[in-house]
Structure formats: C-alpha cells, structure tokens
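Good morning, everyone, and thank you for coming.

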Amino acid sequence: MPYLNPDIACSPRSVALLLCLVLAACSVQPESEVNLQRLDLRVVEIAQPNALIRAAAQGDAAATRRALEQGAMLNAVSPVGTAFSEAMKNGHDLLALFLLSRGADWRNGFSPAEPSALILAARRGHNALVKELLLRGSDLEALDPDGFTALAHAAINGHLTTLKILINAGADVNVTAQGRSILMHVVEANNMLLAQMLINAGANVNFRDVNGDTALRLARRHEYFDIDLMLVQAGARL
C-alpha cells in the first residue's frame, strides 16, 4: 500500500480515497456492496471482544468488513474497548476512519487512563480523523493522563496542519504541559513555523515556568536567533 502523508489527507476527496485504499489493500469488495441496513449501531456491553473488535485491533480490513456484513454490533463495548477504539489504540487510523464513517461511536472504549480518540489522532497528525472527530463533537480540551491536550500533542510532534485545524476549531493555545507552555515546548524544539502559528493565535509569549524560564530565555539559551527575534517582536521579555 503506498505511503500517504497524513498532513494532506484532509479534503473530502482525500478521505474518500483513503477509505477506498484501506478496502482495496485487502482485496475487499467496494463498500457500496455492504448492506448498511444490517449494521447494528446500538451501544451494548459484551463479555469478550467479538470478531469485529478482534479484526479492528489487528488492522484487518477484510475481516472487519466480513464481520460487519455478518451483522456484528459496531458499537459493542468489550472489556478491551470497541472496534473503533481498538483500531485507534493500535494505530490503524485508516480502518478507524472507515469505522467512523459507518457509524462507530467514538466516545466509548477509552478508559480515563487512556488518551481520547482526538488526542491519538492529533498525536499522529492524522488530519482526516481529527476533522471527523471534531465534527462529531469531540472534546478539544480533554487531557491525557500526562496533562496534554490534542493541541499540545499536535504541536510537540510537529504537525503543522493538525495544529492549524485545532486552532481554527477553537483549541486553547495557552494550555500547559509538564509545567511549560506549548509555545515554550516548540521554541525549545526550534520549530519557528509552529511558534509563529501559536503566537498569531494568541499564545502568551511571556509565560514563565516554575524555574523562571520564558520562551525567550529558552531561545537565547539555545541560540535560536530567528525565534529570538520573532519573540521580541511579539513583545516577549526575559
């Protein structure tokens, strides 16, 4: 299967192409042949993972489709999660996007000790999933166990387009992660484009951590002169 850059997989046309590819890669029949009337979208608890959940966890698109055609309950919640949550947790983003398009409930299958679906999608820079989850009302400011939001993960992992999507959706650019502002994290990574985007979105350039450091102090400590100048022009102080 060809490599697909998640930063360009955002448009409706791209999403449709992704769904076709995930099926074609496993010699699956066109999705139009799936009998949508047979899908059971009820949210119910089951004692152990069904065939659909097991297939999704393994990233097996063909087995996933077969289970759906045979009437598997798409939103069944097992002790390990749902088909959608298992696909997300195991990094099968295209399959997760397919399940979401078929009516998967993105809210179930994630324990309080696990990152949400939106955080996982943002961490990996999968923009199509990020957009779909936002459209369905996913919580922008949900925190993972380490106190990171989806925006924090997008920024720290260098996903420029994902960061832009989250900012445009209204995500808070002044959240802190591990005691530092997100701006401080991207400044220390010497990522000028992300820093500029955060500043333009209203990031506090003078946030000070418990050690008294600011974004400008970090830039000067590492001799990141271009970011230093940009911060000063934005009103940053030592």
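At what angle do helix α11 and helix α13 pack, and how far apart are their axes? Helix α11 (residues 192–200) and helix α13 (residues 225–233) pack at about 10°, with their axes 10 Å apart, where axes are lines fitted to C-alpha atoms, for helices over the stretch in contact, and angles run from 0 to 180 degrees between N-to-C directions. Helices here are DSSP runs of H or I with at least four residues, numbered from the N terminus. Because angles under 35 degrees count as roughly parallel, α11 and α13 are roughly parallel to each other.

Please keep in mind that this is a predicted model, in which local features need pLDDT of at least 70 and side-chain atom pairs count only at pLDDT 80 or more, while totals for chains, interfaces and linings use all residues. Residues are numbered from 1 along each chain as its sequence is written, and side-chain values use heavy atoms, with hydrogens and water left out.

Taking contact to mean heavy atoms within 4.5 Å, M192, A195, Q196 and I199 in α11 meet D226, I227, M230 and L231 in α13. Helix α11 also packs with helix α9 (residues 160–168), their axes coming within 10 Å and crossing at roughly 5°, so α9 and α11 are roughly parallel to each other as well. That contact is made by L160, L163, K164 and I167 of α9 and L193, L194, M197 and L198 of α11.

Let me turn to charged pairs. With a salt bridge defined as a side-chain nitrogen of Lys or Arg within 4 Å of a carboxyl oxygen of Asp or Glu, the count comes to 11 salt bridges. One of them joins the side chains of K89 and E114, at 3.1 Å from N to O. K89 lies in helix α4 (residues 83–89) and E114 in the loop between α5 (93–101) and α6 (117–124), so the pair ties together parts that are 25 residues apart in sequence.

Methods. Helix = DSSP H or I, 4+ residues; strand = E, 2+ residues; numbered from the N terminus. Parallel < 35°, antiparallel > 145°, perpendicular 65-115°, else oblique.
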